[in-house]
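I opened this entry to record what I looked up, in the order I looked it up.

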Amino acid sequence: MLYRETGDFKSSYATDQQTFPIRSERYLFWGAMVIAFLVVPFFINDYWEKSVLVPLLVWSMAALGLNILTGYCGQVSLGTGGFMAVGAYACYKLMTAFPDLNIFFVVILSGGVTAFVGMLFGLPSLRIKGFYLAVATLAAQFFLVWLFNKVPWFYNYSASGQITAPERTIFGIAVTGASAPPWATYLFCLTLVFLFAWMARNLTRGTLGRSWMAIRDMDIAAEIIGVQPLKAKISAFAVSSFYIGVAGALYFSVWLGAVEPTEAFGINVSFLVLFMVIIGGLGSILGSFLGAAFLTLMPVLLKNVMVGGLGWPTDLAAHFEIMLVGGLIVFFLIVEPHGLAQLWRLVKEKLRLWPFPY
Amino acid sequence: MVLQARGHGVSPDFLNFIETVLNGLMSGVMYSLVALGFVLIFKASGIFNFAQGVMALFAALTLVGLQTGQVPFAHLINAILGTDIHHWGPGLPTVLAILVTMLVMIALAFLIEKVVLKHLVNQEPIILFMATIGLAYFLEGMGDLMWGADVKALDVGLPSGGSFWWEDVTRAWAPEGADYFGMYIDTLDVSAAIIAVVLVVALTLFSQYTATGRALRAVADDHQAALSVGISLRSIWVIVWSIAGFVALVAGIMWGAKSGVQFSLSLIALKALPVLILGGFTSIPGAIVGGLIIGVGEKLAEAYVGPIVGGAVENWFAYMVALAFLLFRPQGLYGEKIIERI
């Protein structure tokens, strides 16, 4: 049967808590994973790796992180770019200071460093909320980028002020540096994203996730029923920053290879990730992926159509792209303020009744 | 000159300090101008309008385009049709160009209400905020597409350059023979300050003594009560966005005349955010005072803290001040006290 379950047939907590309660969905998910892990690596080439798949994975990771903070805990942050910079620079410092440390652990540790920084900048959230908090996180954004520009220790006193990722390997195969094969970098990112998305899903449906959602829905009421705002908010900042830090580390070491802070981690990055979360759907793991996919693939598509197809000059295409992205964001907000994930939910509702809707 | 009459001058260090403060006040006025646009819209519709800075950019671009007689979308038309057009004539005189730009901004306000806001009534503030970010991107792309992305000079006939008179006056304050050459003050900044004061007074009078102004204040006070006494929320929104467009135009002219019309103009919106935090989102005097504090604080930090840590503190100093400030007074200097109930 293609689709099932029109009523409530659950008889245990385990089935009630299932991530994929419908069998076809489970098959769809595992099928997609099999293709992603076992098929794509054989067909991937340099172009697909550098401009589509790895960006998609990195942005998904960042969107996951921001979604935990904004979507699940209701704290709006505009400091994503700054936190990604922390992840990237932590990764760089760890890579150069401990050349023998496996890159996998370097990336995880960079996430840890970012989590710590995120907790620091999350402290004001205990006093302030809403737009005031959003603006306060801008302080993190500008201060961190400035810091990485001004303090030479962070970029190992290199003359250009850039940081460049040295080659590091996993099981003898390079995943960073210029000579890393596309399939290796792709699989490395995919594994991390899969792992952390799985963790995010389980975190958000557990005690911690529920306390975040209680804070999001009404913080005073949550406090009264015994959710500790301090614990919930700071843990949301920590977990979210961890994800964003890992995304930043991958962004720098695997995807770009060399970055310059003002360009790569500017305020536009913060907005981009926020867009992904909003367009994808606040408070939805799937939404983070959908939003990231939408905003990564659309510019690539537009560019191919306008520059490749219509033969427009690139600067014109770039302006048009900005305009179109802006227009689409407004359009999406009007049509479906709850994002692409909500569209998917509606489709599922319809499918459950298919083929006999009442 | 009174100081000089006492027989001993003022130390150049102190004069430098005063100069820094004065320049800070001047740039603070510029921040206030942008923050004002934010406050107006936030008060009337509860929308945090991120597009304010881009509106200033868009207004300035349109003004320059009209002044110099550029054909809108010339680049796009050329790319599609393979033609080579760029100017339609010598351009409009400045006053006319400003009027036409104002009309464009009003049309824009109308369109924004019609196309965007109307459909987003009753959505959460964050959604509306995102919509204005989308709007900001849209306007930025459209501005570039219409008028080209190159840096343009804007000249509306305001005086600019240093004031020699002020330099001479202040030089006399320093002790005889001291290594001091007077204070530098840009006359453009002074005119900007004067225009800002006029603008604020005009806005205050408008909101206090006209029927529309009263309606605006009523909406700001309580949306539902305003609706129930027959004030049309939608026309109020058009009016408010038009006024914000006007403020954006003034800010665009000032910033454009100061540093050229270019993309970075839209980033002044970000500079206005700490100003808003300091002043409170709902207070016009707050926007002014906040702007002045941030302006002075930034210039002082750049002059006295900057050399210690390697410069460019201006980028984040304002935010740090705002952040520290928030911890002690979450609603800003003049903001309404936040009372929360379940």
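The model is predicted. I looked up the largest nonpolar core first, and it has 225 residues. The residues with the most contacts inside this core are Val58(A), Met61(A), Cys189(A) and Leu250(A) from chain A, with Ala56(B), Ala60(B) and Val240(B) from chain B.

I then took Cys189(A) and asked which residues it is in contact with, leaving aside its neighbours within four places in sequence. I found Val54(A), Leu57(A), Val58(A), Leu250(A) and Val254(A).

Next I checked the UniProt record for chain A. The unreviewed entry lists transmembrane regions there, including residues 50-69, 183-200, 234-258 and 316-335. I looked at two of these spans in the model. Residues 183-200 of chain A are 100% helix and 0% strand, with end C-alpha atoms 25 Å apart. Residues 316-335 of chain A are also 100% helix and 0% strand, and here the end C-alpha atoms lie 28 Å apart.

For chain B, the unreviewed UniProt entry places transmembrane regions at spans including residues 54-74, 119-139 and 231-255. I noted 76% helix and 0% strand over residues 54-74 of chain B, whose end C-alpha atoms are 21 Å apart. Residues 119-139 of chain B came out at 71% helix and 0% strand, with 19 Å between the end C-alpha atoms.

Last, I looked up where the chains touch. I noted 44 residues of chain B in contact with 37 residues of chain A. On the chain B side, helix 4 (74-81), helix 6 (125-147), helix 12 (268-279) and helix 14 (314-328) each give two or more residues. Helix 6 of chain B gives the largest share, 16 residues. By class, I recorded 34 nonpolar, seven polar and three charged residues on this side of chain B.

Conventions: Residues are numbered from 1 along each chain as its sequence is written. Chains are lettered from A and ligands numbered from 1 in the order in which they are written. This is a predicted model: local features need pLDDT of at least 70, side-chain atom pairs count only at pLDDT 80 or more; totals for chains, interfaces and linings use all residues. UniProt positions are given in the numbering used here, feature names are shortened, and annotations may be inferred rather than shown by experiment. Helices (H or I, at least four residues) and strands (E, at least two) are DSSP runs, numbered from the N terminus. A nonpolar core is a set of buried Ala, Val, Leu, Ile, Met, Phe, Trp, Tyr and Cys residues joined through C-beta atoms within 7 Å. A residue is buried if 20 or more other C-beta atoms lie within 10 Å of its own, exposed if 12 or fewer, and partly exposed in between; C-beta atoms are placed from the backbone. Two residues are in contact if their C-beta atoms, placed from the backbone, lie within 7 Å. Ala, Val, Leu, Ile, Met, Phe, Trp, Tyr, Cys and Pro count as nonpolar, Asp, Glu, Lys and Arg as charged, and the others, Gly among them, as polar.
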